[in-house]
Each structure stands twice: as structure tokens, then as C-alpha cells.
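Please open the model in a viewer and keep the selection panel at hand.

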Amino acid sequence: MAETDATGKSLGDAASSAGTVALENRNGTAVLRVGGALDLALAPKLRQLAERAARLEPAVLVIDLTGVTFLASAGMAELVRAHRGRTASAPLRVVATGRITLRPLQLTRLTDELVIYPSLSEALATG
Amino acid sequence: MTTPGFDDLLGAVRRAFVDGSGAPVATGVRPLEPAEARAVLGDHVTVAVTDRALLADLVPGREITAAIAVAGDGRGALVHTTERVGGTPSAVAEAVDAATAHLAGAVRRLRSEAAVLDALHSTGRELTAHLDIDRIVQDATDAATQATGAGFGAFFYNLVDEFGESYTLYTISGVPREAFERFPMPRNTEVFAPTFDGAGTVRSADITQDPRFGKNAPYQGMPEGHLPVCSYLAVSVLSPTTGEVLGGFFFGHPEPDRFTARHEYLAEGIAAYSAIALDNARLYERERNLASELSRSMLPVVPATPGLDVLTRYLPAATGSKVGGDWFDVIRLPSGATAFVIGDVVGHGVTAATVMGQVRTAIRCYALLELPPSEVLRNVSALTGGLFGESFVTCFYAVHRADDGTLTYANAGHLPAILVRPDAEPEEIGEALAQPLGVGAEFPQRSTAFPPGADLVLYTDGLVESRTRDLTLGVEWLLAGIPGLLASADLGPAWDKLVDELTHGRHDDDIALIHVRNRGEDGA
């Protein structure tokens, strides 16, 4: 059963006009579910919650892009930051499938270094 | 003076339940929910409840002979009995209520004050959450007109255009705009002067009796057909940062003496919030213009390129705040070759524009050293990562050599370029060659023939993708539009038309593009 961030909904969920990011803590794995347009407007929210997730010191950080309808370069920059930035602490897994999210990651060759799973359950299943 | 606590009050009321001989009778206490207490008691502290139906509702199945409802400290209860009682309980209820009448009045007053503050606070939150001036002024005018109970309200506000000239616009509420449009803008007549000078609020029970009224030629009083103003209230809107007058609220009512001190207080409150919102909007606009100006000022003058026709476009984001990251460059190299650069810095505003300027300069430097494309991007990537921390810059870099008719290119995470050779379909080149600058370390380069008659198109993502149009589809549409574009006599208008079609005239991201056509004449 997923456990919602103890800081509560108002802090754990960050919404922008077009997208949402929610942080869940699943038995030591921090899951950031992103929905809507992950662009310049939402990127700061993703960064904010990724940094909060890092403070939970999870074994693994999963960023789930399944609900993303538009992945702009500002969003991809945050994936790189979560993967190898100064505040990155846990191994990152990215859930991306389909051309909306996978295509931009291929064009920028971020697929070379990001560990990508087709579904959240597969990202969580791997030990 | 301290007010009696609820338990004291409840005890006193229970002791009032006595029989004909003055001996206490058994009473029951039924707590009242806040909603029930409000319904039964209204603003009273104690009330004798005699309504049979209500009693049957509150205490079902009992033959109630007397009951008194009590409220205090946010609690409520109904004291009741089924025994015969003397006439005292209701008398006690009246006595308590009379004694606490001033309290009930105070409670009423405080509740109403709280409602006023609530309304003002939520209006303030709404107003200051926006950066769109048109929306702010209309919302503020509507809210203030409603809050003051005015027959109609108007908000005149000053803006400064791109040439630094000040001009005045207005919004109205409560009457159709046509009712206003026949009249000239309020000038600094004696009535309006205090508001536009920021001298203070004007509140008049009957402005037509005001000595300042009607002194402005040519109307001499109320212009014919003017909205019938009798009660008048006007409040200045002053910038909290500069103190300058941003505009003024004007409220009118056809009847006299409609505006109270509270209306004045509310109007001043909304004016203060409006001032903050307008200030924010103006600062935001200024930042946006600055980023746009900065980006434009850093755009290159395209040098003469013998044998090549070069068309460029830079369109800053039409909506939102995303101006500032895209750029293009065309560089004549010492060897006679020409370098073409297109790129996109993630971020927006002044920060992105300045990073862009530095990345552009860095690329120019390495380009002029005639380093091969893969080396140019490798060096710039190392520099970018070091200079700007965690940065993310996509860039397509291509060099055309007229002497051997080749195009050599490398691509740092940017969209592929479009190459159209004579009598061939458009093809994409350089797709997914390497990671963005600041992220990647290796940037393999490719070479292809770029013969006379060939076209090369470099572009940024604003042209092909948006929240409502995914990249794959956008690129397909762009490719589909290329043959028609190439067939047109004049590339400039053809590109403007295609950009418009692809973005529906509302690109919410920057767009930069370069179109190179190899004319095939001797490059001298």
C-alpha cells in the first residue's frame, strides 16, 4: 500500500496550471508521479519534490512520466539533475513509454544514461 | 467585566425551573449542534422555546412543558422539563437575554466585520495571484463595485506604452460599457483631481451639492445623458513600491448617502490589493520585455554568404514567460566556409538570455578557430557544464564548405535538421547524435553532400511542439509543408505563413530558424 508523504497533501502535492507532481514513499522507494505538461512551468515543482524525496534518503527514486502529456527540454533537464545533479542521492529510475515521453529522451540521447522502464510496476519490481 | 461561562449560564437557567411552590423540578439538557443553536437562538443568548413542532423535533417522544435554549462560548443546549413549572423560566430567559443584549449586538457586529474582512481577504488573494493586467483591473472593478453596493463603478488606470508615453484605460462594472463610452476620459477636473493626484479618498453623500462639482467646461455640471451620480466615492490606487498613482476607482449611486465608512474602508482595501497586483504585473511585463530585448539584441547580423541564400527568423514566445532561450548564428570562417548554429537554452527570462549569449559567444570562438564540429561542441559542453552548473543546452552545429560541396555537422541533443537535395524528398539529418551541451561529453560528427540547389533548414522546438501538439506530429507537419515552401517564389513570406500554420499564430515558446539555400554560384 502506498504511503503518502508525511508532510501532507498540501505540501506533498504540487500543482501548476497544467501539470502535477506527487511524491509517494513506497517502502523505501520514493516515487514521483508526474502528470500533464512537464515543461518550464512544472519543472520547478519536479525539482522541489525531487529534492524533498532525496531528503527521505530512499534506496531508489522513481520518476513516473506515465501521466505526462508533453515532455519539454525543461523537464528533461530536471531528469538529468535528479540523475547526476548535486542533490541526487539515490539511483534514479524513469518510467517512460510511448512517443510522448520516450521520443524526446531518444532525441537527446538521455536514454543512454537514464535507466528507463516501460511501467511503474516494472520499475518497482526490480530489486 | 467578564461574561458568564456557558456552564454558569446553564446552571442558572436550570435553577429557574421551579414548581408553583418554588421547589426545583427535574430538567433534561439536550446539547444543540452549532447549526441548531443558530436556528433556535439567532443572535440571542437565551430564548424560551414554545414551538411544539420544534420541541418534538429536538426532544422526540416527550411531553415538554417548558424549554429554554441557551448559547455561549460556541456551545448551545436546550434545557427542558416535563413537569409542571411556574411562570419563571421564560421570565428568566427574557431577563438573561435583556442583560446580555449588548453582547449579542457585539457578536453581530464582529460577525459582520469578519465577513467584510473575509471578503476583502479573498478578493486580495484572487487579485494578487494574477499577472494579466486586463484581468486584474476587471476583477478588481467588479469586486469593489459589489463590495461598496455602488450602482456602478469604474477603474481608470495609467499604462506606459513602448515609447514611454503614458495613456489611460478604464474598466467599468454595473452598467454596460456603451453607457460610458460617449463621455470623455475624466480629466483633472476639481472633482477627480484628488483621486488622480493621490491626495486621498473622496466620499460624498451628494456630489451634485459639492462646490467642486460641475466646474469643468464644457459641461458645467452633469453632462447630458451622463450616468446619474449622486452618492460618490473615489479612491486612489497607489504603487506600493514607487508611490506613484497607478489609477483610481470611482463609484457612483443615483441615490444620496449610500456610501458608508465601511464601504470606504472596503474600497480602499481593494484599491491596495489592486495596487500590489498592478505593480506585480508591471514588473513582470518589464522583465519579460527585458528578456525579449536582450535576446533580440544578441541576434547576429547575418554576414554576406557568397553562393548561399540565408533566411533567418527569431520569434520570441508570443505568450507566457518563456522568452529568452533560443538563438541562431551564421559565421563566416577564415577558410571561407560558413558555420550555421541553432540552439536552445533551457530556462527563461533574463537568466536564459544571458546564458544563451555566453554559449553563443563560446561557439563563435571555437568556430573561428576552425575546430571540427565535434570538437566545437565538446569544448563548449565542457565550458557550459563548468560555467553554469547544471545546464541543458541543445545545439545543432553545421559547417558548409563551398570548395568541396560538403556539409559537416554535429548535434548536441537538438532536433534533427531538414535537408532537401534537388529532386528529392526532404530528409532529416543528425537525429539523436549526442546529448545536450552541459550533459554530454562526446559529439560525433557526420558529413553529407550539400550540392547546389539543396536546402537546409535548422529550427528550434517551438516550431514543432507545444502542450497541445506532440513533437512527432509537429515534425511530420513541418516536413509536409517544406515542398510547398520551396516551390514559392519568395521564401520570407512563405516561411511566415508556414510558421503561422504550424503554430496557429500562438507559439508559446521561442522559435528560431535558419533556412540555407545553395544557389550554386561561385563562392567568391
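How many residues lie between strand 3 of chain B and strand 4 of chain B in their hairpin? In this predicted model, two residues separate the strands, and B:Asp73 in the turn has a positive phi of about 50°.

Next, select strand 4 (residues 75–81) of chain B together with strand 3 of chain B. The two run antiparallel and are joined by seven bridges; one pair to display is B:Ala66 with its bridge partner B:Thr81 in strand 4 of chain B.

B:Thr46 is found opposite B:Val70 of strand 3 of chain B.

Seven of its seven residues are buried. One side carries B:Ala66, B:Ile68, B:Val70 and B:Gly72, the other B:Ala67, B:Ala69 and B:Ala71, so that both faces are covered.

Move to chain A and select helix 2 (residues 43–55) and helix 3. Their axes come within 9 Å and cross at roughly 15°; the angle is under 35 degrees, and the helices are therefore roughly parallel to each other. The crossing is right-handed. Residues making the contact include A:Leu46 and A:Arg47 of helix 2 of chain A and A:Glu78 and A:Arg81 of helix 3 of chain A. By class, this contact has six nonpolar, one polar and three charged residues.

Finally, display the interface, where 22 residues of chain A are in contact with 20 residues of chain B. On the chain A side, helix 3 (73–84) and helix 4 (99–107) each give two or more residues. That side divides into 12 nonpolar, four polar and six charged residues.

Definitions and conventions. Residues numbered from 1 in each chain as written. Chains lettered and ligands numbered in written order. Predicted model: local features only at pLDDT ≥ 70, side-chain atom pairs only at ≥ 80, totals over all residues. Contact = placed C-beta atoms within 7 Å. Helix = DSSP H or I, 4+ residues; strand = E, 2+ residues; numbered from the N terminus. Nonpolar A, V, L, I, M, F, W, Y, C, P; charged D, E, K, R; others polar. Axes fitted to C-alpha atoms, helices over the stretch in contact; angles between N-to-C directions. Parallel < 35°, antiparallel > 145°, perpendicular 65-115°, else oblique. Left-handed = near helix turned anticlockwise from the far one by under 90°. Buried ≥ 20, exposed ≤ 12 C-beta atoms within 10 Å, placed from the backbone. Pairing = 2+ DSSP bridges.
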